[in-house]
Amino acid sequence: MLVRKPVEEVFEAFVDPSVTTRFWFTRSSGRLTAGARVRWEWEMYGAAAEVDVLQLDPNRRIQIRWGDETSGFTQVEWSFTSRGENETFVSVVNSGFQGDGDAVVAQALDSTGGFNMMLCALKALLEHDIELNVVADKAPDAHVRPN
């Protein structure tokens, strides 16, 4: 996905939870730093993920590991390629899916759809200061209702 903002600003949107919570998850235990473990929450769904930051190369790459013992762990790598002063190409690779062929394909399709949606929300936020709320609006009937 091409984002028409400088690479420093796009990269910072992923490592600074005050920005990331505006387009992806709703809460984070902290900033992404190399070697850190953070917790990301999607409060509307009652979901959370423990995230281990495996590598973080400023303005170039972020690599994490997330998942759990039940569903398995995968690695996600975001690459940030500057295409001039005000353009950044962001690519995402999610790997390590487990199960038979059908299970792996289902996980890969779900991951692709989710990351594409998140990148579109990132683009709208950074380029136009619009919060699309696509993560919350994807499955409104799955929202956790307060007691």
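**Entry 1: ground rules**

I number residues from 1 along each chain as its sequence is written, and I keep in mind that side-chain values use heavy atoms, with hydrogens and water left out. Since the model is predicted, local features need pLDDT of at least 70 and side-chain atom pairs count only at pLDDT 80 or more, while totals for chains, interfaces and linings use all residues.

**Entry 2: the sheet**

In what order do the strands of the open sheet lie? I read the order of the 7 strands as β1-β7-β6-β5-β4-β3-β2, with antiparallel pairing; strands are DSSP runs of E of at least two residues, helices are runs of H or I of at least four, and both are numbered from the N terminus. Two strands pair if DSSP finds at least two bridges between them. The edge strands, each pairing on one side only, are β1 (2-3) and β2 (27-28).

I then followed β1 to its partner, β7 (residues 88-95), and found an antiparallel pairing over 2 bridges, in which Leu 2 has Phe 89 of β7 as its bridge partner. Helix α1 (residues 7-15) packs on the sheet and touches β1, β4 (47-57), β5 (61-68), β6 (72-82) and β7, where contact means heavy atoms within 4.5 Å. The direction of α1 makes about 160 degrees with that of β6; such axes are lines fitted to C-alpha atoms, for helices over the stretch in contact, and the angles run from 0 to 180 degrees between N-to-C directions.

**Entry 3: two hairpins**

How many residues lie between β5 and β6 in their hairpin? I find 3 residues between them, and the two strands pair in the antiparallel sense over 8 bridges, with Ile 64 standing opposite Val 76 in β6. The hairpin of β6 and β7 has 5 residues between its strands, and Gly 84 in the turn has a positive phi of about 110 degrees. Here too I note antiparallel pairing over 8 bridges, and the bridge partner of Gln 75 is Ser 95 in β7.

**Entry 4: salt bridges**

I looked next for charged pairs, taking a salt bridge as a side-chain nitrogen of Lys or Arg within 4 Å of a carboxyl oxygen of Asp or Glu; by this rule the count comes to 12.

For burial I use relative accessible area, with buried under 20%, exposed over 50% and partly exposed in between (1.4 Å probe, protein chains only). Arg 27 is partly exposed at 44%, and Glu 43 is partly exposed at 37%.

Arg 37 and Asp 52 form another salt bridge through their side chains, at 2.7 Å, N to O. Because Arg 37 lies in β3 and Asp 52 in β4, the pair ties together parts that are 15 residues apart in sequence.

**Entry 5: aromatic rings**

My search of the whole structure gave 15 aromatic pairs. Rings of Phe, Tyr and Trp (its six-membered ring) pair if their centres lie within 6.5 Å, and planes under 30 degrees apart count as stacked, over 60 as edge-to-face and the rest as tilted.

Phe 25 and Trp 42 are an edge-to-face pair, 6.1 Å centre to centre with 85 degrees between the planes. Phe 25 lies in the loop between α2 (17-20) and β2, and Trp 42 in β3, so the pair ties together parts that are 17 residues apart in sequence. Phe 25 is buried at 1%, and Trp 42 is buried at 12%.

Trp 78 and Phe 115 also pair edge-to-face, at 6.0 Å centre to centre and 85 degrees between the planes. Trp 78 lies in β6 and Phe 115 in helix α3, so this pair ties together parts that are 37 residues apart in sequence, and both residues are buried. I noted finally that one aromatic cluster includes Phe 25, Trp 42, Trp 78 and Phe 115, with Phe 11 and Trp 66 also among its members.
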